[in-house]
Amino acid sequence: FPEEVHALRRAEKLMIDRAPALAAFELNRIKVRASQARDFLIYLGSLAHRAGAHLVVTQASAELTSRGYGGFQSTFGAALFFPEFYFQEASKAAVKHNLDVYLILSLTKQESAFRKDIVSTSNAYGLMQIIAPTALETDPSIQLAELFDPEININVGSRYLATLLQRYKGDVMLALAAYNAGPNHADRWKKEAPSGIDADEFIEHISFRETHDYVQNILRNFYWYKKKYKGETYTSFNELLSQTLN
């Protein structure tokens, strides 16, 4: 794909010229494919990380992970695949809503790959992909355009997540499932699942594949964020989830 080769070369030059935003624009032209070599994907992800092309980073890391690449366990790999973008905004929201900052970042990474201006096909806005009814329910005074402001978006999304955690009495699995599929579906999964089962068993009772993978991916993110930045390791989902409140 010659046009993608040219985009990569332009991005490299723009990074040398200290124009990362323009480099990110070029990198977003490049499609991650299963046919691309591992070393190329590592290089592409690294360049995209430095340029702030967060979607390309996420796509490259997902492809590498699907091949069994374990490089994200290194210091470099963890910084590449689990960045602390918008950490200041997430930290403020974590304190305000009694959440773990890395749970907020884990959800944000899954929802938007840290793209602040994204609008989904279902009209979900910004970093934490908030739809208009949820935004207005959480903050009746909010204007939709404000959801492109990272601090406001993360505050609203974190407040909604905290509300879901209250609804489900601290059950993070149900709160995440409700964030993705809505409380009605989460209520049904809660009712259908046997009482007292472990968190990893509950995931298998989520009948929507998208939500099943969504919850699993956020927990994976959360595990690696905690390991990289806090030096903490966990032997089970239950142990990990006990750390989700601030």
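Mentor: What follows starts with the salt bridges and then moves to the core, the pocket and the cavity.

First, the ground rules. This is a predicted model, in which local features need pLDDT of at least 70, side-chain atom pairs count only at pLDDT 80 or more, and totals for chains, interfaces and linings use all residues. Residues are numbered from 1 along each chain as its sequence is written, and side-chain values use heavy atoms, with hydrogens and water left out.

Now the salt bridges. The term means a side-chain nitrogen of Lys or Arg within 4 Å of a carboxyl oxygen of Asp or Glu. A search of the whole structure gives 13 of them.

Start with arginine 9. Its side chain meets that of glutamate 12 in a salt bridge, at 3.1 Å from N to O. Both sit in helix α1, residues 2–16. They are 3 residues apart there, so about one helical turn separates them. Helices here are DSSP runs of H or I with at least four residues, strands are runs of E with at least two, and both are numbered from the N terminus. Arginine 9 is partly exposed, at 48% relative accessible area. On this scale, buried means under 20% relative accessible area, exposed means over 50%, and partly exposed lies in between, with a 1.4 Å probe and protein chains only.

Lysine 13 is also found in helix α1. Its salt-bridge partner is aspartate 17, with the closest N and O atoms 2.9 Å apart. Lysine 13 is exposed, with a relative accessible area of 53%. Aspartate 17 is partly exposed, at 44%. Look also at alanine 23. It is 10 residues from lysine 13 along the chain, and the two C-alpha atoms are separated by 8.1 Å.

Next comes arginine 167. It forms a salt bridge with aspartate 187, and the closest N and O atoms are 2.7 Å apart. This pair links distant parts of the chain, 20 residues apart. Arginine 167 is in helix α9 (residues 150–167), while aspartate 187 is in helix α11 (residues 183–192). Arginine 167 is partly exposed, at 44%. Aspartate 187 is partly exposed too, at 28%. Elsewhere, salt bridges with shared partners join Arg10, Glu26 and Arg29 into one network.

Now go inside. In soluble globular proteins, nonpolar side chains tend to be buried together. A nonpolar core is a set of buried Ala, Val, Leu, Ile, Met, Phe, Trp, Tyr and Cys residues joined through side-chain atoms within 4.5 Å. The largest one has 76 residues, and Leu27, Leu161, Tyr179 and Val215 touch the most other members. Helix α10 (residues 172–181) gives the most to this core, with 8 residues.

Take leucine 27. Contact means heavy atoms within 4.5 Å. Leaving aside neighbours within four places in sequence, leucine 27 is in contact with residues including Leu8, Ala11, Leu44 and Val56.

Phenylalanine 202 lies in helix α12, residues 199–203. It is buried, with a relative accessible area of 8%. With neighbours within four places in sequence set aside, its contacts are Met173, Leu174, Trp189, Lys190, Ala193 and Ile197.

On a 1 Å grid over the protein atoms alone, a cavity is a set of points where a 1.4 Å probe fits but cannot get out. A pocket is an open set with protein on both sides within 12 Å along at least five of seven lines, and lining residues have an atom within 4 Å of a point. Grid points are joined across faces, edges and corners, and a volume is the space filled by probe spheres set on the points.

The largest pocket holds about 390 Å³ of space. Of its 17 lining residues, Ala124, Gln129, Ile131, Tyr179 and Asn180 are the closest to its centre. The elements giving two or more residues to this lining are β2 (130–131), α9 and α10. The largest share, 3 residues, comes from α10.

The largest cavity holds about 40 Å³. Its lining consists of His54, Val57, Thr58, Phe81, Pro83, Phe85, Lys109 and Phe114. Helix α4 (residues 54–66) gives the most to that lining, with 3 residues.
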